[in-house]
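User: Hi! Could you walk me through a few backbone and packing details of this one?
Analyst: Happy to, here it is.

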Amino acid sequence: MDKQEKWGRYRIRFIGLCFLLAFVLISVRAFSIQVLNQEEWRKRAERQHQKVISLAPKRGAIFDANGEEMALSVEVDSIYADARKVTDLNGEAQALARALSLPVAALKAKLSSGKSFVWLKRRVSPKESEKVKELKLACVDFIKEHRRYYPNAEIGAQVIGFSGLDPEGLEGVELRYDALILGQSGYLVTEKDALGRGMGAGVQALQEQSQGYNVYLTLDKNLQYIAEKELAAGIAAVQGKSGSVVVLDPETGRVLAMASQPDYNPNSFFNYKPAQWRNRAITDAFEPGSTFKVFLVAAALNEGVVKASQKIDCGKGKLAVGGKVIHDHRPYGKLDVSEILKYSSNVGSAKIGKALERENYYRYIRDFGFGGKTGIDLPGEVEGLIRKPSDWFEIDLAAISFGQGLTVTPIQLAAATAAIANGGYLMKPYVVDRVVDTNGQVVKKNNPRVVRQVVSGDVASRVSQMMAQVTEEGGTGTMGAVAGYRVGGKTGTAQKVDPVTGGYSTDKRVSSFIGLVPVNDPKLVILVVVDEPEGQAYGGLVAAPIFSRIAGKSLHYLKVPATAPTIVASTPPSLETSAFPLNKNLRVAWNESGNEGVRMPDCRGQSYRQVLQTMERTGLNIQLRGSGRVVEQSPRAGEPIRYEQEVWVRLAPPT
């Protein structure tokens, strides 16, 4: 055998070995595909000739604290078409357009696409579905999907929120707990060829849909209804711009009601402005005004810098601080701490703030929860604005002492007041009690949580009793009283910042009233805020009556026994004023009229309410002293009023 023949045999054997190895590799790969991984490759093959259309999952229901349905998913028809089966394009498109209230051109485009599956309209109303069924079109078919429905319409809308077509949650609890409420999607499957064209019988539904978890709120639907209706009526009466109400259980931090105006219907949320979707109780920050004096007094008593019986000289209603003059509504002499709250003395509050000093005061402000989020389980909460004490000037300390120069949210103010009502403990507010699965098993539970103790129980009790004097004879909050119950409260009337000038507006106010009831064993803390009321802007005249109606009806509904005699104040409430009073348009009027100035109207014989109406009509900031009918005034009727001159009337009961 020569060398060439021998080399040829080697090459043949080598090539044979290569073929053998290739055969083994192919066999192993074929075994892997056809046996070991056959399910995966089968699914890949199916996906090549199947079109999968995701269907909306069934969201879990939302219930109130008593198990009443607040949001649920109902089964409705979604309508699709097989464009290959269209026989009369123009006629069928026009008929469907009339039945579904859709443009003819849009339907013609879909029906002429040649596709085996095309959505015409999803989650239609029963009336629309019936109209389409009556057409008996061969190209049209129906599939069941779930549509979100809110059976109580506007009640609790800003808290509950709404979901979109996806149907992911877009606002409120629907958004915050979306991962738990949203169920697992189902699918539609349609056959297609290699070019993506429809083929075969068409469509079938895969049963892979599962319902999301159910949510139980802390809200009571009946209390929510009371809060919303009374807030709406109160705002309408004073032609206010907007408003909010928060009702808390002070012992637990449970939100029993949370209302905002203007409201909206989540069943047709797209018909409303986004501003109406907003939950103002957690998204709107405002200057709290005199309601903030409650926390100033609590901090000062807890630190021991003042005593409850201590008399503080209120300087006849004026105090020069940092180059500015702070005013009270009327000249007060010496008042004790409870009287400073009762009459809402700005001068007295500024002096208490000075005794407490900025670092201590700032620490208590933060401890009460201001300047930070409460952590409530709702989206969109803001923190409010409080500058660090190192940035405070002398006038800032005074202003913050009576609630100007900082901003808070309604939920912060209500939670802080709940700490006064429950013995000094700041509780974390929450709106969802528990989340349960379809078998009733609890998958998430929110329990009351103490954030911190802010003041001692003794101080909290003392301040509660002081707040009770605010709603009694001579206080600023007498219109917040509730028949049969002793109410602790505090009024607030704060100027709004003018976005043009950067200073305080001369005619735009935020009126508020915060209260706890009954004082000796508080069951409810209720905050009412009214933004930009027309006419009477005082918290004691605007917000306090709304509080009274909400509290009275809520206590009756909760069957809280009356424990106090029915006492109705014989005189209107004492009024509070801005610490930096401005007579509306007075500077301009005085300048235009030269040395003659604006002239004093004749108020003699007018009632308390008539004087208030005169103030609104003329823009004058008139101090009211006493009650009854006007028997004396300064300046006299017809006399010119110098700019920044003190203007007052004295009222006395008829003899």
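User: Let's start with Glu357. Where is Glu357 found?
Analyst: Glu357 is in the loop between α14 and α15 (358–367). One thing to keep in mind throughout: this is a predicted model.

User: And what is the phi of Glu357?
Analyst: Phi of Glu357 is near 70 degrees, a positive value in a residue other than glycine. For context, most residues other than glycine have a negative phi.

User: Is Ser344 buried or exposed?
Analyst: Ser344 counts as buried, because its relative accessibility is 4%, and the cut-off for buried is under 20%. Glu357, at 30% relative accessibility, counts as partly exposed.

User: Switching to peptide bonds: which residue is joined to Pro262 by a cis bond?
Analyst: That would be Gln261, with omega at about 0 degrees. Pro262 lies in the loop between β10 (255–261) and α10 (274–277). There is also a cis peptide bond between Ser634 and Pro635, again with omega about 0 degrees. Pro635 belongs to the loop between β24 (629–634) and β25 (640–641). In general, most peptide bonds are trans.

User: Good to know. What about the sheet with β10, what is its strand order?
Analyst: The order is β10-β9-β21-β20-β19, an open sheet of five strands with antiparallel pairing. Its edge strands are β10 and β19 (488–497), each of which pairs on one side only. On average, neighbouring strands are turned by 10 degrees against each other, direction ignored.

User: How many bridges join β20 to β21?
Analyst: Eight bridges link β20 (residues 504–517) with β21 (residues 524–531), and the two run antiparallel. As an example, Val510 has Asp531 in β21 as its bridge partner.

User: Which strands does helix α9 lie across?
Analyst: Helix α9 (residues 221–238) lies across β9 (242–248), β10 and β21, and runs at about 30 degrees to β10.

User: Last topic, α16. How many of its residues are buried?
Analyst: Seven of the eight residues in α16 (residues 394–401) are buried. Among them are Ile395, Leu397 and Ile400, along with Asp396.

User: What do those buried residues pack against?
Analyst: They pack against α12 (293–303), β12 (318–321), β13 (324–327), α14 and α15. Just after α16 comes Gly403, with a positive phi of about 85 degrees.

How values were computed: Residues numbered from 1 in each chain as written. Predicted model: local features only at pLDDT ≥ 70, side-chain atom pairs only at ≥ 80, totals over all residues. Heavy atoms only, no water. Helix = DSSP H or I, 4+ residues; strand = E, 2+ residues; numbered from the N terminus. Buried < 20%, exposed > 50% of the residue type's maximum accessible area, 1.4 Å probe, protein only. Contact = heavy atoms within 4.5 Å. Pairing = 2+ DSSP bridges. Axes fitted to C-alpha atoms, helices over the stretch in contact; angles between N-to-C directions.
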